[in-house]
Amino acid sequence: MMEQTVTLSYKMENFEGPLDLLLQLIARNKLNIYDIQLSVLIEQYLKQMEVFRAQEMEVSSEFLEMASRLIYIKTVSLLPKHDEIVRLKEELTGELLEYQLCREMAAKLGAMTGGFDRFVRVPTEYDFDKTYELVHSSDIMYQYYLAAVGRGQRKLPPSVTPFTKIVAKKIVSVSTKIVFVIRNLVKGGKSKLSSLYKTARSRSELVATFLAVLELCKANRVEISGDSAEEAEIKIVKGHKRG
């Protein structure tokens, strides 16, 4: 007799589920598992589902999934071509054989061990030596001390290292370079344009000098002549020599 529970569970040794039911139906109807009469097996399975519904038992999803699968197999078997039905039949037979083998192996293992919970290892108690044996240098100990201080370190001013690349560079103003260009031109009247950049010591100073020349040209205070950058000359426009 099949064991019936609220969740519809067929228990065979240590396994349960729709494959258990199919194996019981095969055994009950004395069917050959290697050549299953699908029409008989499917009919018996679906009848059992109706019995469960009549008894108002809750059928789990895995049983319903198997029922849908069997109905599909039965539908395919009515088609003229039999390639698909052969494949489906082989898949079902393979699953049943594999499940039956696992069930038999579980029974053998259960008999050998007397139950899977028989051999239990009690956790071993260890007496750990809590002596700290590592040796650290004074620098590392100082760093750990500062890290342990925590809140006190937060009150210190931030490190200048992240801002070095920004703050450490000298910013040259364009107005300063305008005065520099005018003074050079007042002394000699005119000068090579390239000579204005020779004294620059940084990229910021080069850019400021270039912008200063542009501002002076825009204000019509200087003019540039020449066919190339190397030969270009800059001079003060007449009327602005003393401006």
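## Overall layout

The chain has 9 helices and 5 strands. This is a predicted model, so treat everything below as read from a prediction. Starting at the N terminus, the elements go β-β-α-α-α-α-α-α-α-α-β-α-β-β.

How much of the chain is buried? Of its 243 residues, 24% fall in that class. As for contacts between residues at least 6 apart in sequence, 56% of them link residues at least 24 apart.

## Where α1 meets α3

Two packed helices are described by the angle between their axes and the distance between the axes. Here, helix α1 covers residues 18–28 and helix α3 covers residues 61–77. Their axes come within 9 Å and cross at roughly 55°.

Which residues do the touching? On the α1 side they are Pro-18, Leu-19, Leu-21 and Leu-22, and on the α3 side Glu-62, Phe-63, Met-66 and Leu-70. By type, the contact of α1 with α3 has 7 nonpolar residues, no polar ones and 1 charged.

## Rings and a charge

A pair of aromatic rings is described by the distance of the centres and the angle of the planes. The count for this model is 1 aromatic pair. Tyr-126 and Phe-128 make up that pair, with 6.1 Å centre to centre and 40° between the planes. The pair is classed as tilted, because 40° is neither under 30 degrees (stacked) nor over 60 (edge-to-face).

The cut-off behind both calls is over 50%.

There is also a lysine to look at. The charged end of Lys-177 sits over the ring of Phe-180, at 4.3 Å from the ring centre.

## A positive phi at Asn-220

Most residues other than glycine have a negative phi. Asn-220 is not a glycine, yet its phi is positive, at about 60°.

Where does Asn-220 lie? Look in the loop between α9 (203–218) and β4 (222–225). Asn-220 has a relative accessible area of 47%, so it counts as partly exposed; buried would need under 20% and exposed over 50%.

Terms used:
Residues are numbered from 1 along each chain as its sequence is written. This is a predicted model: local features need pLDDT of at least 70, side-chain atom pairs count only at pLDDT 80 or more; totals for chains, interfaces and linings use all residues. Side-chain values use heavy atoms; hydrogens and water are left out. Axes are lines fitted to C-alpha atoms, for helices over the stretch in contact, and angles run from 0 to 180 degrees between N-to-C directions. Helices (H or I, at least four residues) and strands (E, at least two) are DSSP runs, numbered from the N terminus. Contact means heavy atoms within 4.5 Å. Ala, Val, Leu, Ile, Met, Phe, Trp, Tyr, Cys and Pro count as nonpolar, Asp, Glu, Lys and Arg as charged, and the others, Gly among them, as polar. Rings of Phe, Tyr and Trp (its six-membered ring) pair if their centres lie within 6.5 Å; planes under 30 degrees apart count as stacked, over 60 as edge-to-face and the rest as tilted. A charge sits over a ring if NZ of Lys or CZ of Arg is within 6 Å of the ring centre and within 35 degrees of the ring normal. Buried means under 20% relative accessible area, exposed over 50%, partly exposed in between (1.4 Å probe, protein chains only).
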